[in-house]
Amino acid sequence: MDKEQLKKTQPIVYKTLSNALKRGRLAHAYMFAGPKSANIQQAALLLIQSIFCPHCDEDGFVCMECESCKRYAANESVDVQWIDKERIKKQDILDLQERFSATAKEKGGKRIYVLENFDQATPDSSNALLKFLEEPGEDLFGILLVENPNNTLTTIQSRCQLLQFRSGSYHYVKNK
């Protein structure tokens, strides 16, 4: 998804993220909620690229042309951990915490984790993530992708900025 597509199909989400990016006031955790047709995964990638891109536009979004943008689009960065499982388990969260604890000492930069299908996560993984959300590290951002935010703990919902996506009428074609 490019920024123009997001602006056209999800104007409220676009404006919310644009304001946060321009002001440098990102939430430490976002919950992107919406049906699969809303392409919340691609919106998460766009946000990740925008956080790291050194050439953002006037709305705070990614240029999509520099080496940084291409590297994040190809998932070639240790700064981003994307967990895409049907059901996230407690060990997945513990592994994520351990990984970012180690990289925080080495890299010192921004780190982002994306948890897909988090509304299907096990109760133990939700409790493990809650501890992670309560004490976010500096320059650590989380994006939880869900179809139904009501299937997550209310305490997790309260620690995330909820962005509700509308159904999309377009189809994303992944670049090869």
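Trainee: Why is Phe 32 called buried?

Mentor: This is a predicted model, and in it Phe 32 has a relative accessible area of 0%. Buried means under 20%. Therefore Phe 32 counts as buried.

Trainee: What makes Tyr 30 buried or exposed?

Mentor: Tyr 30 has a relative accessible area of 2%. The limit for buried is under 20%. So Tyr 30 is buried.

Trainee: Why is the pair of Tyr 30 and Phe 32 called edge-to-face?

Mentor: The structure holds 5 aromatic pairs. In the pair of Tyr 30 and Phe 32, the ring centres are 6.2 Å apart and the planes stand at 65°. Pairing needs centres within 6.5 Å, and edge-to-face needs planes over 60 degrees apart. Both conditions hold, so the pair is edge-to-face.

Trainee: What makes the pair of Phe 32 and Phe 165 tilted?

Mentor: Its planes make 45°, with 5.2 Å from centre to centre. Stacked is under 30 degrees and edge-to-face is over 60, and the rest is tilted. So this pair is tilted. Phe 32 lies in strand β1 and Phe 165 in the segment after β5, so the pair ties together parts 133 residues apart in sequence. Phe 165 is buried, and so is Phe 32. Ring pairs link Tyr 30, Phe 32 and Phe 165 into a cluster.

Trainee: How do you know that Lys 36 and Glu 147 form a salt bridge?

Mentor: Their closest N and O atoms are 3.5 Å apart. The cut-off is within 4 Å. So the pair qualifies. Glu 147 is in the loop between β4 and α7 (154-157), and Lys 36 is in the loop between β1 and α3, 111 residues apart.

Trainee: What makes Lys 85 and Asp 92 a salt bridge?

Mentor: Their N to O distance is 2.6 Å. The limit is within 4 Å, so the pair counts. The count comes to 4 salt bridges by this rule. Asp 92, at 12% relative accessibility, counts as buried. Lys 85 counts as partly exposed at 38%.

Trainee: How do you know that Arg 159 and Glu 134 meet in a salt bridge?

Mentor: The N to O distance is 3.4 Å. With a limit of within 4 Å, the pair therefore counts. Arg 159 sits in the loop between α7 and β5, and Glu 134 in helix α6, 25 residues apart. Arg 159 is partly exposed at 27%, and Glu 134 is partly exposed at 43%.

Terms used: Residues are numbered from 1 along each chain as its sequence is written. This is a predicted model: local features need pLDDT of at least 70, side-chain atom pairs count only at pLDDT 80 or more; totals for chains, interfaces and linings use all residues. Side-chain values use heavy atoms; hydrogens and water are left out. A salt bridge is a side-chain nitrogen of Lys or Arg within 4 Å of a carboxyl oxygen of Asp or Glu. Helices (H or I, at least four residues) and strands (E, at least two) are DSSP runs, numbered from the N terminus. Buried means under 20% relative accessible area, exposed over 50%, partly exposed in between (1.4 Å probe, protein chains only). Rings of Phe, Tyr and Trp (its six-membered ring) pair if their centres lie within 6.5 Å; planes under 30 degrees apart count as stacked, over 60 as edge-to-face and the rest as tilted.
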